[in-house]
Amino acid sequence: MKSTGVIRRIDELGRIVIPKEIRKNLNIREGENLEIIIDNENIILTKHSPLVTIESIINKLTDNLSEVITDTILITDREKVVSSTNNEYLNNNIESFTCFIDNREQYISKELDSFKINDSDIKGYFTIVPIITFSDCYGLIIIINPNNKIKENELLAKLTAKIISNKIDITW
């Protein structure tokens, strides 16, 4: 473990403030969930992703989808790809897609488009649908098509997002 050298006092309600520079470095946003883990005498805070909790279900869903369509399907949490029909993208950063999460916005490209995943430019026709449950956006369904079969992908992405959203509701 790495020491930050930062010391914080616990207030009368038992709260501590995580310094802004640490939140920025770890990409912790207001309203996000942190999991509290106790390891001997250490308290460890980790970012909590409900999608990781149901990872095996998401992976099975991705496998089943890959049998139906040949397009690249990415399922993300708020920061990275958690499941993909193309393992090259697994665990890659999705920084260029966070605006869709923050705005809970669906996007369907009408023409050839390009997004960055890590440092790679990915070109294609994109269908992007947020995974929303409990009025929070937990991630995205992204379908990348080299051609232009957008209508089918929109329905498939919406259905996949709904299935995952319902599974999060049941798990919590």
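I started with the rings: Phe97, Phe100, Tyr107, Phe115 and Phe126 form one aromatic cluster. I note that the model is a predicted one. I counted the aromatic pairs in the structure and got 7.

I took phenylalanine 97 and phenylalanine 115 from that list, and their pair is stacked, at 4.7 Å centre to centre with 25 degrees between the planes. The cut-off for stacked is under 30 degrees, so this pair falls inside it. I then looked up where the two rings sit. Phenylalanine 97 is in the loop between β4 and α4 (98-102), while phenylalanine 115 belongs to strand β6 (residues 113-117), so the pair ties together parts that are 18 residues apart in sequence. I checked burial for both, and phenylalanine 97 and phenylalanine 115 are buried.

Next I examined phenylalanine 100 and tyrosine 107. Their ring centres are 5.4 Å apart and the planes stand at 35 degrees, so I logged the pair as tilted. Tyrosine 107 is at 25% relative accessibility, so it went down as partly exposed. The limit behind both entries is that buried means under 20% relative accessible area.

**Strand β3**

I moved to β3, residues 72-76, and found 5 of its 5 residues buried. I asked which way its side chains point. Thr72, Leu74 and Thr76 point one way, Ile73 and Ile75 the other way, and all are buried.

I looked for the partners of β3 and found two entries to record. With strand β8 (residues 136-145), β3 runs antiparallel and is joined by 5 bridges. Within this pairing, leucine 74 has isoleucine 142 as its bridge partner, and threonine 76 stands opposite leucine 140. With strand β4 (residues 81-84), β3 also runs antiparallel, here joined by 3 bridges. Threonine 76 turns up again in this pairing, standing opposite valine 81.

**The β3-β4 loop**

β3 and β4 form a hairpin with 4 residues between them. I picked out aspartate 77, which is placed in the loop between the two strands. Is aspartate 77 buried or exposed? Its relative accessibility is 5%, so I list aspartate 77 as buried. I then looked at what the side chain of aspartate 77 reaches. Another is to the backbone nitrogen of lysine 80, at 2.8 Å.

I returned to β8 for its burial. Of its 10 residues, 9 are buried, so β8 is largely enclosed by the rest of the structure. I then checked its pairing with strand β7 (residues 120-133), and the two strands run antiparallel over 9 bridges. One of the partner pairs is tyrosine 125 with asparagine 145 of β8. β7 and β8 form a hairpin with 2 residues between them. I looked up the turn and noted that phenylalanine 134 there has a positive phi of about 50 degrees.

I close with a cross-reference on β8: I have it joined to β3 by 5 bridges and paired with β7 over 9 bridges.

Notes:
Residues numbered from 1 in each chain as written. Predicted model: local features only at pLDDT ≥ 70, side-chain atom pairs only at ≥ 80, totals over all residues. Heavy atoms only, no water. Buried < 20%, exposed > 50% of the residue type's maximum accessible area, 1.4 Å probe, protein only. Pairing = 2+ DSSP bridges. Polar contact = N/O pair within 3.5 Å; in protein donor to acceptor, adjacent residues only side chain to side chain. Phe/Tyr/Trp six-rings, centres within 6.5 Å; stacked < 30°, edge-to-face > 60°.
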